[in-house]
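Okay, thanks for coming, everyone.

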Amino acid sequence: MYFQAPVRSQQAFSFICNWLLPLGYLSLLVGLAALPDRSLYHKLFYALVGLPALIALLLKPGTLRVLLREPIILLFLAFSAWSLLSVTWSDTDSSVFDLLKRPLYIFMLFSACALLSLQASNRLEQTTLLGALLMLPLTVYSLSAFALAWTPGMRMIGSGALDNPLLSSHIFGFFGTLWLALSMTLPRHQSWVTIAPALVSVGALMATGSRTPLVAMSLACVWLTVVCWNRRSIVLIATGTAGLVALLLLYPDALLERGTSSRIDIWQIALGKILQQPWLGFGFQASLVIDIAGFPIPFSEPHSFALGVLYYTGIVGLTIWLAMHALALSHCWRNRNALLFVIAGSLLIYGLGAGLTEGGGILSRPKEHWFLTWIPLALIAALNIAAHQAQETPLR
């Protein structure tokens with residue numbers, strides 16, 4: 001343990017780290033596909049991740065000092081502080097208290113993952129893998145229901161609280177990337193068990209009709225090919241290339257029919273607004289209205305995470321945001337001999353790719369966008385904290 005504590009405090013701390021946080025993290029991973037509504041999903045996060053992580057930090061303040069030595073977390077706190085400061089020039093109607101809670105939720109995710117990795121070296125790994133396994137039957141169920149009800153032009157929506165094809169694709173792509181990463185990092189005699197889950201996840205992703213996540217998974221495959229260069233890298237390149245060619249030949253409309261989905265028009269208008277106030281941005285949760293000809297309802301986000309950060313927090317906020325991701329990837333590159341860092345890096349690359357044409361909100365309550373940014377970053381920060389802590393003398 002990190003320092004001596006009274007027996008009851010130690011028992012409470014162990015109960016939180018051994019039972020509540022794993023259950024909460026698991027519900028975060030599969031809850032959107034398993035639970036009937038988002039309200040319950042949020043409540044489970046607050047009850048099983050947010051509050052327990054906060055109590056654990058209060059029981060062992062030394063753990064908080066460990067977290068605050070992690071550069072990724074420090075950059076996140078800097079980004080959050082700047083975002084909250086920007087409220088002073090934002091036209092948002094949201095209460096300051098509601099906005100203050102947003103970064104706290106994400107910090108509790110960072111804390112929960114770090115506590116899991118510190119309490120037992122493989123607990124975070126085991127819980128993530130369990131989440132991937134539990135997601136499989138939910139994905140198969142969604143695919144089966146979609147196949148039975150399919151009509152031309154139909155796009156699949158996942159089960160549970162999932163209600164949008166594009167947002168559903170973020171989760172399917174997350175787990176598909178995870179299974180691909182496992183296939184590249186597990187010993188050869190074990191990697192074959194990941195083939196079927198990877199195919200199921202990629203099949204679900206394709207059924208949503210979303211194209212950017214396919215590009216994002218391709219970028220993740222490039223990452224895996226580079227950091228895991230071996231015979232399996234060649235197989236991954238050949239398989240990915242063959243799959244893309246087959247998709248273009250057999251179902252060209254799947255990639256080309258919808259064109260750019262007005263993304264270029266949206267970005268041009270968003271950039272025009274950003275240029276009015278480039279350095280500071282318009283402030284956290286500021287209003288954004290993008291009118292596109294042919295659409296009856298204006299868009300309220302720029303459909304790009306980077307543009308969203310730039311619009312709300314300006315060049316200052318974007319610099320911190322990019323530094324946070326660059327530092328996380330540098331951790332993964334330096335530790336590329338450690339399998340978990342390779343996997344976490346592939347998830348972050350996937351998230352960056354998927355966020356190229358989707359999203360815009362910078363700090364939010366738990367939802368699909370967390371699979372693109374905050375969950376991968378929390379995993380990398382936790383792995384880095386555990387790696388450093390294992391080399392140091394426990395705190396007293």
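E368 is buried, at a relative accessible area of 2%; buried means under 20%, exposed over 50%, and partly exposed in between, with a 1.4 Å probe and protein chains only. Quick caveats: this is a predicted model, where local features need pLDDT of at least 70, side-chain atom pairs count only at pLDDT 80 or more, and totals for chains, interfaces and linings use all residues. Residues are numbered from 1 along each chain as its sequence is written, and side-chain values use heavy atoms, leaving out hydrogens and water.

So who does E368 pair with? It's R38, in a salt bridge at 2.5 Å, N to O; that term means a side-chain nitrogen of Lys or Arg within 4 Å of a carboxyl oxygen of Asp or Glu. The two sit 330 residues apart: E368 is in the loop between α15 and α16, R38 in helix α2. Helices here are DSSP runs of H or I, at least four residues, and strands are E runs of at least two, numbered from the N terminus.

R38 is partly exposed, at 23%. R38 also forms a salt bridge with D163, closest N and O atoms 3.3 Å apart, and D163 lies in the loop between α6 and α7, 125 residues away from R38. That gives you a network of R38, D163 and E368.

A search of the whole structure finds three salt bridges. One of them joins R102 and D98 at 3.1 Å. Those two both lie in helix α5, four residues apart, about one turn. R102 is buried at 12%, while D98 is partly exposed at 24%.
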